[in-house]
Structure formats: structure tokens, C-alpha cells
Amino acid sequence: MIHALVSHGKRLFHCRVARTLWAQVRGLMFSLPLKQHEGLLIDFGTTRSDVVHMLFVFFPLCIVCLDEQGRVVAVTKKAYPFSPVAAWARCRYVLEVRPDEGKDFEVGQRLTIKLLKKDSP
């Protein structure tokens with residue numbers, strides 16, 4: 001499993017990275033709610049138009065769509081559980097965090113993404 005640190009101003013999120021199609025589709029389905037400063041970073045590998053769903057996600061999320069440079073291109077401040085379409089944008093990355101931690105995200109802001117090494121088996 002690959003992890004990343006995503007910084008937004010003074011905030012730092014420790015994220016699990018979803019790179020495979022299965023990990024991207026599964027996302028946070030059937031997961032426990034995120035802890036403070038925790039998130040999921042979906043990396044499509046290239047910029048593309050895509051939809052983020054909340055099917056079988058039992059807690060609300062803030063969904064932030066980012067381009068190749070980490071610039072915010074779209075934000076859904078509070079996506080609700082079981083929403084079939086929670087966000088849509090042309091992006092490279094999608095950052096999912098708790099709604100209370102996503103209030104300050106705005107289109108045009110730039111985030112820093114630092115990939116960490118894989119966990120040891």
C-alpha cells in the first residue's frame with residue numbers, strides 16, 4: 001500500500017493512495033469514518049474526466065479534485081452517504097477528507113502531494 005502526505009497551508013493529511021482500478025472504485029466503501037488529518041488520495045495516473053460516488057460510504061466527505069500540479073479544480077464541501085454522483089471534474093487526483101477539515105478548500109488553491117514509500121510486507 002502506498003501512502004501520501006497532502007499539505008494545504010498548515011494542514012497535513014496522511015492519505016492512503018488508490019492507484020488501481022479496484023482501489024479507486026472501492027474508495028472508502030464499507031470503511032469506518034476517517035480520523036482527523038486522515039484521507040484517501042485517488043490517483044488516476046493521468047488527467048481525465050471522472051465521477052466520484054458515495055455508494056456504500058456511510059459518512060459524509062469533502063471531495064477535492066486536483067489537476068496534475070495539485071491545483072484545486074473542483075470541491076464538494078459535503079458529499080452525503082449513498083450519493084450516486086458526489087463530484088465530477090476533469091482531474092488527476094481526488095482527495096477525500098472529513099467535511100469539517102475541508103471547509104477551507106477553494107478552487108484555484110494549490111496543494112502539495114508527497115508520495116511515501118510502500119509499506120513493508
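The following dialogue goes through a few features of a predicted model.

Q: Which residues form a nonpolar patch on the surface?
A: The idea is to look for nonpolar side chains that keep accessible area and sit within 5 Å of one another. In this model the patch is made of Phe30, Leu55, Phe56, Phe58 and Phe82, with about 500 Å² of accessible area together.

Q: Where does Phe58 lie, and is Phe58 buried, partly exposed or exposed?
A: Phe58 is in the loop that runs between strand E3 (38-52) and strand E4 (61-66). Its relative accessible area is 48%.

Q: Which loop holds Phe82, and what is its phi?
A: Phe82 lies between strand E5 (72-79) and E6, in the loop. Its phi is positive, about 70°, although Phe82 is not a glycine. Phe82 counts as partly exposed, at 40% relative accessibility. Phe56 and Phe82, each with a positive phi, are both members of the nonpolar patch.

Q: How many disulfides does the structure hold?
A: The test is a distance: two cysteine sulfur atoms must be within 2.5 Å. The structure holds zero disulfides. For Cys15, the nearest cysteine sulfur belongs to Cys62 and is 12 Å away. Cys15 is buried, with a relative accessible area of 0%. For Cys91, the nearest cysteine sulfur is that of Cys65, 4.2 Å away, and Cys91 is in no disulfide. Cys91 also counts as buried, at 1% relative accessibility.

Q: Which side chain of opposite charge is nearest to Glu101, and how far away is it?
A: A salt bridge needs a side-chain nitrogen of Lys or Arg within 4 Å of a carboxyl oxygen. For Glu101 the nearest side chain of opposite charge is Arg98, 4.1 Å away. Glu101 is therefore without a salt bridge under the 4 Å cut-off, and Glu101 is buried.

Q: Where is Glu101 found, and what is it in contact with beyond its neighbours within four places in sequence?
A: Glu101 is in the loop between strand E6 (87-97) and strand E7 (112-115). With those neighbours left aside, Glu101 is in contact with Arg11, Phe13, Lys35, Gln36, His37 and Glu38.

Terms used. Residues are numbered from 1 along each chain as its sequence is written. This is a predicted model: local features need pLDDT of at least 70, side-chain atom pairs count only at pLDDT 80 or more; totals for chains, interfaces and linings use all residues. Side-chain values use heavy atoms; hydrogens and water are left out. Patches are made of residues with over 30% relative accessible area and no salt bridge: like charges are joined within 9 Å, nonpolar side chains (Val, Leu, Ile, Met, Phe, Trp, Tyr) within 5 Å. Accessible areas come from the Shrake-Rupley method with a 1.4 Å probe; for residues, only the protein chains shown count as cover. Helices (H or I, at least four residues) and strands (E, at least two) are DSSP runs, numbered from the N terminus. Buried means under 20% relative accessible area, exposed over 50%, partly exposed in between (1.4 Å probe, protein chains only). Lys and Arg count as positive and Asp and Glu as negative; His and the chain ends are not counted. Contact means heavy atoms within 4.5 Å.
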